[in-house]
Amino acid sequence: MLATPFNGSKLIACDIAEDYYLCTMTETKPYSSPAWSSPQYSRHTWQHVHYLHDMKKTVRCFFWKNALRQRQSVRLLKCFMIFALITTCVFNVKLAIDARERYEMHKDLFLNDLNEKTFVLSYDDEYENDYHQTKKKSFELEVLSSENLMKIKVDEKTVIQRDDRENDRGIHVIAINQVTGAVMAVQVFDTYLEGQDKLLRSFVNSINDNNRILVMAVKDEASLHLGKDTRQFIKEMGSSQIENLKWRSMWAIITNKNGNVKMEELKTSEDLKEWASPVQLKVTIESVSATEGFETCNWPTNEENSRRKHFCSKYDGYGALCRCIHPDELDLAVNSLPDNLVHNIPVAVIASNRPHYLYRMLRSLLLARGANPAMVTVFIDGFYEETMEVAKLMNVKGIYHTPSGVKNARISQHYRSSLSAVLTLNPDAKYAIILEEDLDVSPDFFSYFSQTIHLMDQDSSIYCISAWNDQGYEHSTHDSSLLYRVETFPGLGWMLRRSLFEEELEEQWPPPEKQWDWDMWMRQPLIRKERECIIPDVSRTFHFGLSGINMNSYFHKLYFSQHRLNTEASVQLKDVDLMTKDNYEKLMHKLIRRLATADHTKSPCDDDFINTDNEPNSDGFVVYIKMDSSEHLESFIQLSKCLKIWDLDVRDLHKNSFRTFIKKKHVVFIGYPASPYSIYKPVDLEPIALD
């Protein structure tokens, strides 16, 4: 029962029904009206009128209760909206506070003024004071080694966790500051694959401080190609268990680089199909005084060493960079290049979370003649502070990019964003040079582009100018001054035309939901549109990266380790003006007519296929291989296998012909009858079938 005042009466009594309120008046006087109390009205008439009045009151009450119910609903809705508004305000305030804190922490990492010459701030002794203030008397260090998880905690806080089942297999090596407990370097070496154990030794040797805490922990499997030399190397660091590491064993060690072992444990599995039980270590590390254990170097006081001091106080594993005696120089761009036509061409370096790679890459780039640090920008896919710190260390700009997509799609979107950004930041640039963080460049890298850039203006059929030859191996190249036109997109150090990106590529770029390799997409006929790229015989870049989404040490050893990189500082390219479309056709016809015809009774797979004794004075040879049509590319796939070059797909063709070197002799392979150069085949000569 609910009682509430209404319309001058004392109370309305209401019973709650199923879907409405039923209300009656209580303690009210009989209703009377002067007009209705006239004697002319009969008792029946009066009762009828009173009945109508009661009905009216009931209807009014009914509608009032509906209004009351609606009013209460409105109140509830308003309360809910106010609550939602307050919650939203609190969330936004917290978000703003977090963003502000993040900004204050990293404000020196973001590119605030895009017009400034450099991105590097000046540093003084303030950071060093902060460093000493953060030292601890001791800290707890925990390590977990298991099949699917490698984790490290410092004072109960997880600082590293690797739990991806498909990645991070092998031995994880972590350098931890012995004064602060801060992580200074993290690397993983997939010693399930050949060659990774040598890199492990190299990385440990790059740690300069002998008192540095080193953690090594296995995830998944690490024994298959962990060689004797590396096992001995780890044993000399104090390990007593490394020689017993077997198939799918779990192992972890906490030690100083100087061999002072804190704790070590090994667990093995008797069943080859199963992994050993997890290994867990927990130890208290007594911090070493900075005056005793932390190597302080008396570097001369200058801006370069301020950057070095700041970087080396936070990160380790960079070898001679942080060495006290004769450290690596940082300000490298001192080699001028006369008539440098690419001095003001922007250079975009595509980077992610591989700071050691980036450091090596930037050193080789800035050592090249004609390098202009002011035009170099590193685009980082994600908020990786160490990668940004490397850019600052090397005195070049750095920009973060918020990741979009996953795996190959993420890389593709990072490229699109970086290409767009580098052109936006340099509105007057007609071209841009694109590099990746895992490339060495030759001493004449900028000279190469300076000598060829005019071709982009002269010939619209040129898709790109690339510093990379997909088929440029040690045994398949010879002339560092030679150029080719090829019907593909080599990438790995290339020059992009602004109009190509803005008018064609940008709108058609694969979206984030497409798991496409951006470079394979660039090679698609519908995108390339029969245009060609200019490449050198001897590459001006070298792909040294051993890890990545599409790379591991085995694949690198098979297809990249034997690529040749030009080492000459000054190379005058020849026949540059013959690289335009029409002139190159004249060059090809002239070349084929000049070269001798190879012995077609032998196969390119034979070691003695090219016998220089028979034609000692010949500049090279022409070989005709059977190729019925342009779609019949299997012949060139088989040829690539025979020549021990890239054979996963067809690269570097020009009108179904392929130029290379065999035993330092220039050889032109022509697909017969698919190539227009088939007209030069002698009538009685049978093309070589390689199917």
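Which residues does glutamate 532 touch, not counting residues up to four places away in sequence? In this predicted model, the contacts of glutamate 532 are Ser461, Ile462, Tyr463, Cys464, Arg485, Val486, Glu487 and His654. Glutamate 532 belongs to strand 21, which covers residues 532-536. Its relative accessibility is 5%, and glutamate 532 therefore counts as buried, the limit being under 20%. One of its contacts, histidine 654, also meets glutamate 532 through a polar contact of 2.5 Å between the two side chains.

Cysteine 533 is bonded to cysteine 464, with an S to S distance of 2.2 Å. Because cysteine 464 lies in strand 18 and cysteine 533 in strand 21, this pair ties together parts of the chain that are 69 residues apart in sequence. The torsion about the S-S bond is 120°, and the link of cysteine 464 and cysteine 533 is right-handed. Both of these cysteines are buried.

Strand 18, which spans residues 462-466, also contains serine 466. Serine 466 has a relative accessible area of 0% and is therefore buried. Its side chain reaches the backbone nitrogen of tryptophan 468 at 3.1 Å. Leaving aside residues up to four places away in sequence, serine 466 is in contact with Tyr448, Pro490, Gly491, Gly493, Trp494, Ile534, Ile535 and Pro536.

A disulfide is a covalent bond between the sulfur atoms of two cysteines. The count for this model comes to four disulfides. When the bonded cysteines of the chain are numbered in sequence order, the pairing reads 1-4, 2-3, 5-6, 7-8.

Cysteine 297 and cysteine 324 are linked with their sulfur atoms 1.9 Å apart. The link of cysteine 297 and cysteine 324 is left-handed, with -70° about the S-S bond. Cysteine 297 counts as buried because its relative accessibility is 17%, whereas cysteine 324, at 35%, is partly exposed.

The other pair is cysteine 312 and cysteine 322, joined with an S to S distance of 2.0 Å. Here the torsion about the S-S bond is about -90°, so this disulfide is left-handed. Cysteine 312 is buried, with a relative accessible area of 10%, and cysteine 322 is buried at 9%.

Attention now turns to strand 10. Why is strand 10 described as largely enclosed by the rest of the structure? Seven of the seven residues of this strand, residues 250-256, are buried, and strand 10 is therefore largely enclosed. Both of its faces are covered: Met250, Ala252, Ile254 and Asn256 are buried on one side, and Trp251, Ile253 and Thr255 are buried on the other.

Strands of a sheet pair through backbone hydrogen bonds, either parallel or antiparallel. Strand 9 (residues 213-219) runs antiparallel to strand 10 and is joined to it by five bridges. Strand 11 (residues 261-267) is likewise antiparallel to strand 10, with six bridges between them. Strand 10 and strand 11 form a hairpin with four residues between the strands, in which glycine 259 takes a positive phi near 100°.

A separate description is needed for the sheet of four strands in the order 23-24-26-25, which is open and has mixed pairing. Its edge strands are strand 23 (596-597) and strand 25 (657-662), each of which pairs on one side only. Strand 25 runs antiparallel to strand 26 (residues 665-673), and six bridges join the two. Within this region, isoleucine 662 stands opposite lysine 665 of strand 26. Helix 15 (residues 581-594) packs on the sheet and touches strand 23, strand 24 (620-627), strand 25 and strand 26. The direction of helix 15 makes about 55° with that of strand 25.

How values were computed:
Residues are numbered from 1 along each chain as its sequence is written. This is a predicted model: local features need pLDDT of at least 70, side-chain atom pairs count only at pLDDT 80 or more; totals for chains, interfaces and linings use all residues. Side-chain values use heavy atoms; hydrogens and water are left out. Buried means under 20% relative accessible area, exposed over 50%, partly exposed in between (1.4 Å probe, protein chains only). A polar contact is a pair of N or O atoms within 3.5 Å; within protein, one must be able to donate a hydrogen and the other to accept it, and residues adjacent in sequence count only if both atoms are side-chain atoms. Contact means heavy atoms within 4.5 Å. Two strands pair if DSSP finds at least two bridges between them. Axes are lines fitted to C-alpha atoms, for helices over the stretch in contact, and angles run from 0 to 180 degrees between N-to-C directions. A disulfide is a pair of cysteine sulfur atoms within 2.5 Å.
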